[in-house]
Amino acid sequence: MCTALIYRNLQTKEFGLGFNRDESFLRKKAKFPSYYESNNLKILSPRDGDYNGTWIGVNSKGDVYAILNLYEVKIVSIAKPISRGWLVSQLLEQKTSIQNLNKEFLRDFLPFRLIYLTLERTYLFTWDGKDLEIQQDEKDWQVYASSALHGKEAERIRKQTFEKNFLQNLTHNFTQISKNYLSCHIPEKGSLSPCMHRDVAHTVSQTIIYIQNRIAHLEYKDGQPCEEKDWTSYSLNLI
Ligand SMILES: [Zn+2]
């Protein structure tokens, strides 16, 4: 369960990803974003509290990745599934590449949708447990969402929420638009709002990655987006 807002502007050469992480109350708290080096790259990402992988991050080449669960498909059980967060870390560290993603490689992963974002386009890899679909999208704005309760309906509603209430009035910068959209309770405070509230799960953090002038900026809010909590800011110079 998550919501992603994607933005790009080819004229000003800026792009970004705003992301709400929705999780069960049973999951451990994530670790705040940190910098580390691997494979001659610097990586900036928060860390999953359970498996030490990540669901979002950026590296010093300006590669941005994020992962959403895919709940719509029924999957035969996998004996020992590999953490999807591990895959994002491997991609950020360039220990594997998107070219390696195929049925054989992904056999032991539960279904997901992986976002790989560049200035020019968004790549969306959909793994349903059997087949891999790769889509490319060059839109200026795009919304992706996942929901254990509503499946694709959540994405349709959250996209509509953005187009009706935010896309018509773009007077702020991307970071502020992301914060406003991802913290809102439209159509109502609950399982379909970007700031998601349910009895078993909720939005646990918000991450905004924004790249401009060869610098990646990351802002992170630990907690429900509608709560009064401080943002933590980070930046990473690109190579
Ligand atoms: Zn809320």
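Tutor: Two strands count as paired if DSSP finds at least two bridges between them. Keep that in mind as we read this predicted model.

Student: Then how many bridges join β7 to β8?

Tutor: There are 6 of them, linking residues 112-117 of β7 with residues 122-127 of β8, and the two strands run antiparallel.

Student: Which residue is the bridge partner of Leu-114 in β8?

Tutor: Look across to Phe-125.

Student: What is the strand order of the open sheet?

Tutor: Its 7 strands are arranged β3-β4-β5-β6-β7-β8-β9, with antiparallel pairing. At the edges sit β3 (31-38) and β9 (132-137), each of which pairs on one side only. From one strand to the next, the twist averages 15°.

Student: Which strands does helix α1 touch as it packs on the sheet?

Tutor: Helix α1, residues 84-92, touches β4 (41-47), β5 (56-59), β6 (64-69) and β7. The direction of α1 makes about 170° with that of β6.

Student: Why is α1 described as largely enclosed by the rest of the structure?

Tutor: Start with the cut-off: a residue is buried if 20 or more other C-beta atoms lie within 10 Å of its own. In α1, 7 of the 9 residues are buried, so the helix is largely enclosed by the rest of the structure.

Student: Which residues of α1 are buried, and what do they pack against?

Tutor: They are Arg-84, Gly-85, Leu-87, Val-88, Ser-89, Leu-91 and Leu-92. These buried residues pack against β4, β5, β6 and β7.

Student: And which residue just after α1 takes a positive phi?

Tutor: That is Gln-94, with a phi of about 55°.

How values were computed: Residues are numbered from 1 along each chain as its sequence is written. This is a predicted model: local features need pLDDT of at least 70, side-chain atom pairs count only at pLDDT 80 or more; totals for chains, interfaces and linings use all residues. Helices (H or I, at least four residues) and strands (E, at least two) are DSSP runs, numbered from the N terminus. Axes are lines fitted to C-alpha atoms, for helices over the stretch in contact, and angles run from 0 to 180 degrees between N-to-C directions. Two residues are in contact if their C-beta atoms, placed from the backbone, lie within 7 Å. A residue is buried if 20 or more other C-beta atoms lie within 10 Å of its own, exposed if 12 or fewer, and partly exposed in between; C-beta atoms are placed from the backbone.
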